Amino acid sequence: MAVVTDRTTEFIMLFSKHSQRIYRFIRSLVDNRTDAEEVYQNTCTVLWSKFEQFETGSNFWAWSCQIVRYEVLNYRRRQNLERNIFSNEFYSRVAERAMVTVDALDRQQAALSVCYELLSERQKEVLEKIYEPEASPGSVARTLKRSPNAIYKTLHKAHDLLFSCIQRQLHSGDLF
Amino acid sequence: MLSPAEQETLMQLCWDYQYGTLSQKDAAHLEWLVLHNDAARDFFIQYSSMCANLEWEGVVDPGPLGRTTDYEPLPSGELNSLPHYLPVVTESTSRRKTLFVLLAFSVLCMATISLLYFQFWRDQPPGFLVRFTQAQNAVWEEGKRSWNPEDLLQIGDQLHLTSGIVELETASGARVILKGKSRLMLINPDQFILDEGNLFANVPPQAQGLTVETPTSRIVDLGTRFGLIVNPLQETEVHVLKGIVEFNLLNSARETTITKNLFEKDAIRVQPHSRVITKIEATPESFVQNLNHETPVLVAHWKLTDPDNSSIAQDQSENQLNLQTLEDKGTSPFTGKSAPKNALTAAGPFRSQFHKLYRKLSEEETPLFNMNHFTIELWARNPNLARSGDSDTLFHYRNTEKHTTSQFNLFSDDHSGRLGFGFLNTKDRYVTHITNKPIKWQKDRWYHIVFTYDSNTPAAHDSIVTYSRTPEFTSVADFQQTLTQIEDITPLVPEGILAIGGSTLTDISRHWGGDISEVRFINGIPDRHATPDPSAKQARNH
């Protein structure tokens, strides 16, 4: 009978635990979703291909972050210079900080689900549509039979509300 | 702490950034805030993180937002984001345990070494970017700097190596071996430009990201060993010997137009003007991988892609053992023949002795050929089977003034098509060994022929010889044979004639007949041609 090796199981367990963190980390360094997803896929491939180098019991998150940073570096090298709107120092400082604040960002994730329920049905509808794969404000506008400008305003407002709510939740300590 | 006004400003900037509407001026403002204010940096990260969490629902499993609230192992949707090709392997429990123990031990050793290494660098941060560590017979271009072991390179430093081999080590631990003739420039701590030459890089995990630029390409190491060749025509070859390499094809503005990952044993060639990428066979022996150990070394590589009617066959190795046609009645074998395996052209037909390509080897050149342990590989087709009475010669060496017979001959036998080699043994006797059964040669089909000779132990008559022949467009040899208990070969005597496609200058009958391409003479036997168990093969063939 075919069985999954221990190392494969270990990888699946670790990767499952950290995959969303990894994507979040990438997203703080890549300015758009499409490219972030490409970097994420490349990172997955490299993580798996190099997993034999990972020492069991050591810090998978820290190890993954190093690989992400190389993948993001490669991504930025592939971009035209004008696409890199920030300096190397900017990306470096953001990456260093994002690595060590991972626990706080985990808590933010829990806060998001609470705050999401506070949005209006219309706002939820727009958010759900815009975060579907391949969606764009234009496509959402067509689907919901609204103008792109109206979609933009709704999105902007929803993000502001969500973020403000998350900040309040985190600082009130309700989630801990 | 951020004031409400600062928070509002940051919120707008972060939104514009996420939505792709951030102006350059606003980008500069956002950067300034993030770099100079810790709270602003956290704010930016938290905002990005919120957007990522929202997107994640779409990435993993489109559904109600806010679904994922914990990190329980393998919650329903997360599996969708795992690599698709996770292998399912059948292994016995005991083997798994043994492998696990070995792996754990290796990882422990590596981790210890890495820790010590990093500790060392932390205590003594390197004051250099790249260190020149070793040199073997290095000759530097006139008027350019001569580098010596322990010299330190800084950004902008250039190496103009005319011949010989040198080794560099980057501060992050990557080892780069350069073989002359080469021109290399350091442009960043882990980034070089290779204008021309032959470069091998061994990149440990902490140095991943090492980048080498060539006239047409940018190669980024993702671990761990690769080789690059940039010839004088600015053709780039990338050979991945282990691990993964990211290959970027650049346009004339040096912008990336194609990116692809190359894996172990992948090799490609890029034409300088057309930017056409062709897949080629990876040849590790083209690169010096270690200055301290004997590894297979390419002595000569005649691609036979020279221009039509050329009277010279260029040797692509650093030894520059170019061949030539006969001076008087010589006829160029370069007639624009199509070639196998994505090569542009081949040489041929070698229809008479006047088409052969030859070189008289000097006293300095003959020792380059290690006749104790070598490989000859080439592509050939259409031997002269119909002509009776003699052999169809592929590769030949003879000093007519010293010996009445050939010193070395690789040929196919008339009529039977069997492959054979003849040579002068250490008792000055010419002996031949021919494969044991007839071989068919399909008309116009290219065959990859590999011949290896290993003198084995210092004892006489225990050499091992292998032949293999693989038709083009197949990956499996249609003929293989190993011979053992073969006599030892006499080293090449200087001032003899090395010939491809024919034999000595005066012999009129021994010529290949058809076409030949990509001839390599390699000191040593590359792993891909090594015979794991000669005795077993011999038993099978008998």
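Start in chain A by selecting helix α2 (residues 33–49) and helix α3 (residues 60–78), which pack at an angle of about 130° with their axes 9 Å apart. Axes here are lines fitted to C-alpha atoms, for helices over the stretch in contact, and angles run from 0 to 180 degrees between N-to-C directions. Helices (H or I, at least four residues) and strands (E, at least two) are DSSP runs, numbered from the N terminus.

Before going on, a word on what you are looking at: this is a predicted model, in which local features need pLDDT of at least 70 and side-chain atom pairs count only at pLDDT 80 or more, while totals for chains, interfaces and linings use all residues. Residues are numbered from 1 along each chain as its sequence is written, chains are lettered from A and ligands numbered from 1 in the order in which they are written, and side-chain values use heavy atoms, with hydrogens and water left out.

The crossing of α2(A) past α3(A) is right-handed, a crossing being left-handed if the near helix is turned anticlockwise from the far one by less than a right angle, and right-handed if clockwise.

Now show side chains. From α2(A), the residues in contact include Val39(A), Val46(A) and Leu47(A), and from α3(A) they include Trp63(A), Ile67(A) and Tyr75(A). Contact means heavy atoms within 4.5 Å. By class, this contact has eight nonpolar, three polar and four charged residues. Ala, Val, Leu, Ile, Met, Phe, Trp, Tyr, Cys and Pro count as nonpolar, Asp, Glu, Lys and Arg as charged, and the others, Gly among them, as polar.

**Next: the disulfide**

Select Cys115(A) and Cys165(A), which are joined by a disulfide with an S to S distance of 2.0 Å. The criterion is a pair of cysteine sulfur atoms within 2.5 Å, and by this rule the count is one disulfide over all chains. Cys115(A) lies in helix α5 (residues 102–116) and Cys165(A) in helix α8 (residues 148–172), so look for a link between distant parts of the chain, 50 residues apart. The torsion about the S-S bond is about -80°, so the disulfide is left-handed.

**Over to chain B: a hairpin**

Select strands β3 (residues 158–170) and β4 (residues 175–188), which pair in the antiparallel sense over nine bridges. Two strands pair if DSSP finds at least two bridges between them. Leu168(B) stands opposite Val176(B) in β4(B). The two strands form a hairpin with four residues between them, and Gly173(B) in the turn has a positive phi of about 105°.

**Last stop: an open sheet**

Which six strands form an open sheet in chain B? They are β12-β25-β16-β21-β22-β23, in that order, with antiparallel pairing. β12 (297–302) and β23 (479–486) stand at the edges with a single partner strand each, so one side of each is left without a neighbour in the sheet. The twist averages 10° from one strand to the next. Finish on β16 (residues 373–381) and β21 (residues 447–454), joined by eight bridges, where Glu377(B) has Val450(B) as its bridge partner.
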